[in-house]
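Keep the 3D view open and follow along.

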Amino acid sequence: MKRILIGLIVAAVLAAGGWFGFNLYVQHRATSEVEAAFERLRAGGGKASHGKITFELATRTLTIEDIAIIPAGQPQAQIKIASIKGTGVRLIDDIRFSADSIDITGIDVVLDQVGQARVNGSYKIPQLTMRDYAGPFHSGAAPASGSLADLYRYMLGQYASVAASSLTAPTLTMSFDSGRGPGGGGEITYSGLTIQNLKNGKIDAMKADRATISVDVKQPGKPDKLTGEVSNVIVNDFDVTAIVAALDPKTSSDETYHRVYRQILTGPYALKTAQGLRIDIDGFVMEDIDVQPSKFRLDERFDALSQLQSAVPTPAQSREMLEKIAGIYEGVRIGKAEITKISIGTPQGTAKINGIRYREGDFAVEGVETPTPQGQFKMDRFALKSFSAATLMRLGAGLSNPGQTPSSEQMLGLFRVLEGAEIKGVVFPYKNTRQLVTIDTISLNWGQLVGSIPSKANVIVKMVMPTDPTNPAQRPLIMAGIDKLAIDLDLGAAWTESSGAFALTPATIDLGNLARAQARLALVNVPRGLFTTDPAQAMGKAAQVDTGAIELSLRDSGVVDLVVAQFARIQNVSRDAARSAIVEMIRAQGEKIAASNPDAKVAVDALAGFVETSGQTLAIKLTPRAKVPLMQLMQLIQTAPENALAQFRIEASTGL
């Protein structure tokens, strides 16, 4: 029995010694692996140090304290970590390991004078916890170029090499300071940060419960301070590899689109300045954000912007900057973006916007209410159709020469920026009166560009505006008791290249309480070369154009009575006498015209009948007798109107 007891004691002692010996061996190996990783950083020219390293075999817990890293090259980035504690650490293979959890405390990243803009920045994370982690032993050599694009590519690349079921951080504070440069300085603090399912460079979801903002704004005159808070910042389906591809020069020929974000949204947020401006927003959402590496070229954009921020740009540098920014817009595709319920408060009053929306190139602002010195301004909707920010930037690049008048070709380039615009439901005070201008619709659309010139266009205007007593031209309307003008305009024009036909159909203007006029015009043999900014070429091609049929109609809704009343006042006669006098003048003038063109008598008789009886519709149709060159017709209209009219057969009629 005694021998057995002694044997057990010896066995226990040997086991304990073996345990401690094995534990010391494992700790030594762990220390060696960590030191080897730090040595690789130092071998690349950087600085790397650490404090105490411990390893507990029972829980497989590795702890590293007091980590400090300065990448190779210029000391533009410094990383300090108070401690890293990994629990359940295991080897996956020769280059990767896993851990049940990793707790990191005291993360402090300083970016000192990054890029030529010399911006100082820092990230502070007091505590970060990762669950079910897997990744490489070392992160690879940090870029030595000092390029902002290289630094971002390096940092994002680390995400693509690790996996974790979750990452949580109670707070993250990002601060920046532009020093003497533009932009000012400040900080943004995120609270309640979580990341779910990080794997292969993709993240299922990221969330921050709150973000607080404090920025000192540099501006000419009085400096300002911006403060604010954003709630519930959520990102769903983020793909880091798409950004890495866009930053990699090797993918410069990749013309496919890569989705970066499926959805970004926030809850309410509020911003205010020390000078009295306050902005409150109910929410923001953006969906399906894609990048195209061949056009995005973010590395070039970073370099260009850094150079321009370091000094006052020359016109050539400004053009280059706008061209590169255009590339960014061209390389990004956004499926949908919305900002809802915006309130902008100023010392002069509060403006409200129900929503700002963007979808597939269409941009709209809806539900606007804002005070003006004359009264409240309201607008249901303002929209831009097929808006291209990239084209606008390139147009701006061509207009960036100070003192140089833009060419007609450059100005016509605005037609390439978008395909139309629309305003609906506008109400605002007319001058300093209590009367209102009401715009139901103003719509402009164009397309089928030949060069920079549209060959198809449409304009619609529906509005009501008060008559102006201070305008002499409108006094007859006011004297006739007309205090408002209802305007309904519909003008459409289109060119068909295959037939060479150009049609103005229909052009309609309806002055609701006066008259409704409509015109149809056709031109034939219109060549493509006519759509040019070269006056000489346009004149040469215009010689080929012939005039087609012309149709005119006028519906009387009060304009005849208005003309008769005005004539009666001027001549100091009764309205019946005034009407008879006008009819006689029309017939007398018509006799002169009919002497050289018998067809004209039909039109004269119809016009006279139109004046004799109010409320009628006058219709006139002109049909070319033979080929009528447009340029010849325009010359005849100026020199011999009777001969111009003689080129057409005339049909005219009136009816109620």
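Is aspartate 605 buried, partly exposed or exposed? Its relative accessibility is 31%, so aspartate 605 counts as partly exposed. We'll come back to this residue in a moment, after a look at the whole chain.

**The overall picture**

First things first: this is a predicted model. The protein has 656 residues, and 36% of them count as buried. You'll find 16 helices and 27 strands in it. Among the contacts with a separation of 6 or more, 58% are between residues 24 or more positions apart.

**Aspartate 605 and its two partners**

Back to aspartate 605, then. Its side chain meets that of arginine 587 in a salt bridge, at 3.4 Å from N to O. This pair links distant parts of the chain, with aspartate 605 in helix α14 (residues 600–612) and arginine 587 in helix α13 (residues 575–596), 18 residues apart. Arginine 587 has 29% relative accessibility, so it counts as partly exposed.

Aspartate 605 also forms a salt bridge with lysine 601, and here the closest N and O atoms are 3.0 Å apart. These two sit four residues apart in helix α14, so about one helical turn separates them. In general, an α-helix has 3.6 residues a turn, so residues three or four places apart point the same way. Lysine 601, at 40% relative accessibility, counts as partly exposed too.

How do the two helices themselves sit? α13 and α14 pack at an angle of about 175°, and their axes are 9 Å apart. That makes the two roughly antiparallel. On the α13 side, the residues in contact include Ile582, Val583, Ile586 and Arg587, and on the α14 side they include Lys601, Val604, Asp605 and Leu607. Sorted by class, this contact has 10 nonpolar, one polar and six charged residues.

**Salt bridges elsewhere**

How many salt bridges turn up in a search of the whole structure? The count is 22. One of them joins glutamate 497 and arginine 528. Glutamate 497 is in the loop between β22 (484–496) and β23 (501–511), while arginine 528 is in the loop between β24 (515–524) and α11 (535–542), so the bridge ties together parts that are 31 residues apart in sequence. Glutamate 497 is partly exposed, at 47% relative accessibility, and arginine 528 is partly exposed as well, at 42%.

| Salt bridge | Closest N to O distance |
|---|---|
| Glutamate 497 and arginine 528 | 3.3 Å |
| Aspartate 605 and lysine 601 | 3.0 Å |

Which residues of α7 are buried? They are Ala389, Ala390, Leu395 and Ala397. These buried residues pack against α6, and also against α8 (408–412) and α9 (414–417).

**Strands side by side**

Leucine 511 stands opposite alanine 515 in β24. β24 is also joined to strand β25 (residues 546–556), this time by nine bridges, and that pair runs antiparallel as well. Look for leucine 521, whose bridge partner in β25 is isoleucine 550.

One last stop is serine 231, which is in strand β11 (residues 224–239). Its relative accessibility is 19%, so serine 231 counts as buried. Leaving aside residues up to four places away in sequence, serine 231 touches Asp209, Arg210, Thr266, Gly267 and Pro268.

Terms used:
Residues are numbered from 1 along each chain as its sequence is written. This is a predicted model: local features need pLDDT of at least 70, side-chain atom pairs count only at pLDDT 80 or more; totals for chains, interfaces and linings use all residues. Side-chain values use heavy atoms; hydrogens and water are left out. A salt bridge is a side-chain nitrogen of Lys or Arg within 4 Å of a carboxyl oxygen of Asp or Glu. Buried means under 20% relative accessible area, exposed over 50%, partly exposed in between (1.4 Å probe, protein chains only). Two strands pair if DSSP finds at least two bridges between them. Contact means heavy atoms within 4.5 Å. Axes are lines fitted to C-alpha atoms, for helices over the stretch in contact, and angles run from 0 to 180 degrees between N-to-C directions. Angles under 35 degrees count as roughly parallel, over 145 as roughly antiparallel, 65 to 115 as roughly perpendicular and the rest as oblique. Ala, Val, Leu, Ile, Met, Phe, Trp, Tyr, Cys and Pro count as nonpolar, Asp, Glu, Lys and Arg as charged, and the others, Gly among them, as polar.
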